[in-house]
Amino acid sequence: MTIEVGDWLSKPSTGVLPPSGVFIEGGEKPIPVPLRRRDVSAIVYAAASFSDTKETLSYVSDVECSAVFRFPLPPRAAVYRFRAVFGDREVVTKVKPRAAAREEFDLAVSQGHSAVHMSQHEAGASVFEVSLGNLEAHTEVTVEFSYLRLLDAFGGTLEWSHTATWVPPYVGSAGDVATGVDKVASALPSFAAKVTYALSYEVTVRAEAGTVRAIESPEPVAVERPVPSTSGSAGEEEVWRVRLSEQVADPSKDLTLAIELDPKAARRSGLRVQRTPTSRGGEQRTVALATFVPPLPSASASAAAGESSKQQLRKEIWFVVDCSGSMSGSPIQQARQAALFFVRDLPVDSGVRFNVTVFGSSHNSLYNSCKPYDSKTEKEAVAWIQNKVHANLGGTEILATLQHIYSSPIAAGYTREIIFLTDGGISGHEEQAVYDLVNPKANKPVPAASHTHVLSLGIGHGVHRALLDGMSVRSDGAAVYVVDDEAIAAKTAFLKKASTAAGAVLRPRLVARNALVRPAPHVLPQRVFAGEPLHVLMEVVSAEPDASVELTAEWADPAAAGSAAPLTLCLPLGPALASSAEEGEALPVLHAMAYIGSLMAGTSPLHVRPDGTPLAAPPSADTVKEAVVRLAVAEHLVTPHTSAVGVSLRRDPAAPEAGANVVEVPLQLPHGRALWGTAPGSAGPLAVCSYGAPLAMAPRRNIMATGSPTVMMMRCSAAPPPPPCPMPQMAMGGGGGRSRCAAFDSAEWSLARGEKIGDLVCMSESLKCDADMFVKQGKALKKKSAAASLGGAVGALFGGLFGSGGGSSRGSASAAAAATPSAAMAAPAPVGGGGRAASPCAAEPQAEQEEACRGMSYGGVQQKEAAARRSRSRSRSRSISPPAPAAAAVSPPRSQLRGSELLAFLNLKRTTQGYWAAGAELAAALGVPASDLAAVDGDAGSRASASAAAALRPAGLTDDAWATVVVLAVLRRCLAAQREVWADMEAKALGWLAAAWPEGGRSVGSTVLALAKALSVSEA
């Protein structure tokens, strides 16, 4: 039987390859993508928690043509400035109603003039489109647009992000079918495995001196710290600069900056006022940004509340993990790690009930309904997550999965928290249906919605943030994001805190005293977390000199707050208007965009009262649209109902072909995802990915792609990328052992199980990884005949793929072994009767081979930073796994672990009761001598000669109890700054230690503190 694995293994049929990139058909020569640069600059105003971002798109075309670029922007982005320069002519752009703007653009292009148009999609509103008509040959065209947005914040950290790419959306849901799959696909961004334009970043952070502590990013940014001031004057501003040059910036990765604030500054409520510039003319508007931060509960109140928390906590926590094909690679590993962090730290016997669901094209749950959380169900959940969380479930049916959960009854007296782990990759045509489902104030709300909150963790680059933000806002939940290889412990800790509503305040209400204001949002979120900011923009219509704005709310847990009285936060509005109001357009624009958002979401003053109850006569769709257009045109905002357009008149109009030849500028596929398709040198359509959906290739205006020696483009097939596989190994094991080269013995294994042919294509990537290993080994074996060594190796490779586990495979392995020096082929003794033969790549340690194809992990967490860097620099393999993957194993560490790796290891190694078992593996991970975990035998003299750490051990304490004390001491010494992340680990362990601790002598807490000082462990 012949299996098509792609012809990248063979040379192209012609000796000359066409240039790489995306082109249009037509004419004698292909037309390359005209976009040359994408430069991003931003100013972050840390004190006010907003940013002003400008993107500059630079185009140069070799011939006259037109170009379309579709791309995402962050949610709540207010695009308020748009300009274009054609050569030396600046184009005046105006914001007009959507249909009028498009009509003007088409008219100008049809008459041969150059034109520019920017619009926002009506469905899936995070997607924007810039169209350029009739680009002149060899003439530079620059398009600039700016947008404002309020920044996300959690745990005292502001986050600025830029979405450089987008997860290829799943096209095939019921909403897509109703709209028309072809129509949906044709309106989405295009993707390429590699783009030709450069990308760069420059971000300036402005803050009051001492406010910003540090700026960090998963990407290798250059951070320029401010020079320390010698004046010491209060209120002095300092400036941080962050750069990522085009030589380093990766178009397949989003850029995220974590701006760590001083704790006092982060928890400070405040007021900022701006007036629209007088130069704009018209009536001047005054807008205030009020930031309310509920205080954190005091330590004494938290301790008192802890005594009764088991009786008070009545929560159903439902974990939902996206296992669609688009999650393959690092995202699914991070999702698995996050799910395990959540499940292992729920309070035992506290009344908490839980469940776990995985979904893709279908969904599957651990239990039929939520069950009480105890040691038994925790063990079941951990094993189930390790076995089921793999990116092998096809499409992304978010709506159907949520409908199943919302239809499940909630226990009497309980509220439900949905922890949603996903990349959110849907087309946008079901977003409104998802919003209506989770919104308790929808026109026809689902009964469960009033008791359910959605807490989302967006995973990977190119996450569909607008969807996750929309779900969290409408359900009074929260949303945080992590990119590939980013530590997730801090953000899972934040969501875990939110899921138990620790320190939350409920039903906040805004009161304006001696002032008339128009707030946005009109309906405040009904749940706000302690220590986290609530931003309210308000247009001040009129105010007295002593005016103030006040936020009142009820504590979710008065005992934890230390007071039964409602929370009241008051800010002086009148004095701020008189003394600190400044001219500016940022706050007026943000207010206008927030008001437009409430109009489109049905939460404006035209729709509901401030408490969210609907008005008797809601406005019609036409009334809402008219209100959006009127405000957007006045503030020059690009919205789903308004677009920006500009025309550059030409003395010599372009030929009709320039307008007809439309080049689509692609986004680069998000990091870690691959497009498969045509052979090098052949043409194939550039398409939208639809993981798990029926292949839906809409007409793409005659676009084609050409390849270089590596495959770059594809039509996305129905087959989802398979889950991560075991380490590929070239040789077959004896005694009927299975080759791990492709995770199956023969082609019949796959076809007999009904696997789609697209899965077999994915298998070829594993082969390519193996082939790369052979090339590396072939270069290393200099003393032997290259033909003999590589010939034997390739024989083993194809024997492993196409053999059936019989003699032919073993023969191939023997041939490879014969071609390899015995020193390089040293192998461990076979294990059992079915041991494996030695690998022909044994010259490279097996651990390094595993890192080359998928990276070693603790339940999905990479073992070492060096291994992670090596893994990212090599090709990753994806091969077909058996239908029921084995549970993820915890690999023993070879040396001390640090940071998130240590936390992930400790999370998986602890027992259900919360303690750690003593052993050499644990000692190595902690970086302490094994003797520090073992009992010291002998008399007092021998105990005195032991290390200072071991000398602190109470007599009669078991090894496991002492190992647990050592773990807590290492956490306090090495990860003190991340205490919020491991606080629940510590609490659970201390509860277990209290029962195991011998009477008399030091207390548990005193011993941990003393041991933290005495340990000889590296903190780096």
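1. **Ground rules.** This is a predicted model, in which local features need pLDDT of at least 70 and side-chain atom pairs count only at pLDDT 80 or more, while totals for chains, interfaces and linings use all residues. Residues are numbered from 1 along each chain as its sequence is written, and side-chain values use heavy atoms, with hydrogens and water left out. Helices (H or I, at least four residues) and strands (E, at least two) are DSSP runs, numbered from the N terminus.

2. Two strands pair if DSSP finds at least two bridges between them. Axes here are lines fitted to C-alpha atoms, for helices over the stretch in contact, and angles run from 0 to 180 degrees between N-to-C directions.

3. Strand 3 (residues 35–45) and strand 15 (residues 198–208) run parallel and are joined by nine bridges. Look for V40, which stands opposite Y201 in strand 15.

4. Four strands form another open sheet, in the order 12-13-19-16, with antiparallel pairing. Strand 12 (152–154) and strand 16 (212–216) stand at the edges with a single partner strand each, so one side of each has no neighbour in the sheet. Neighbouring strands are turned by 25° against each other on average, direction ignored. Within this sheet, strand 13 (residues 157–162) pairs with strand 19 (residues 255–261) in the antiparallel sense over six bridges. The bridge partner of L158 in strand 19 is I259.

5. **Helix 14 and its surroundings.**

6. **Who makes the helix contact?** Contact means heavy atoms within 4.5 Å. Helix 14 contributes V589, A592, Y595, I596, L599 and M600. Helix 15 contributes V624, A627, V628, L631, A632 and E635.

7. **Strands 22 and 23.** Strand 22 (residues 315–322) and strand 23 pair in the parallel sense over seven bridges. V321 stands opposite V358 in strand 23. Strand 23 (residues 353–359) is mostly covered, with six of its seven residues buried. Buried means under 20% relative accessible area, exposed over 50%, partly exposed in between (1.4 Å probe, protein chains only).

8. **Helix 10.** Eight of the ten residues of helix 10 (residues 465–474) are buried, so the helix is largely enclosed by the rest of the structure. Among the buried residues are R465, L468 and D469. Just after the helix, D476 takes a positive phi of about 55°.

9. **T422: buried or exposed?** T422 counts as buried, at 0% relative accessibility. T422 sits in strand 26 (residues 415–422). Leaving aside neighbours within four places in sequence, T422 is in contact with D322, M327, F359, L457, G458, I459 and L468. The C-alpha atoms of T422 and Y481 are separated by 9.8 Å, though these residues are 59 apart along the chain.
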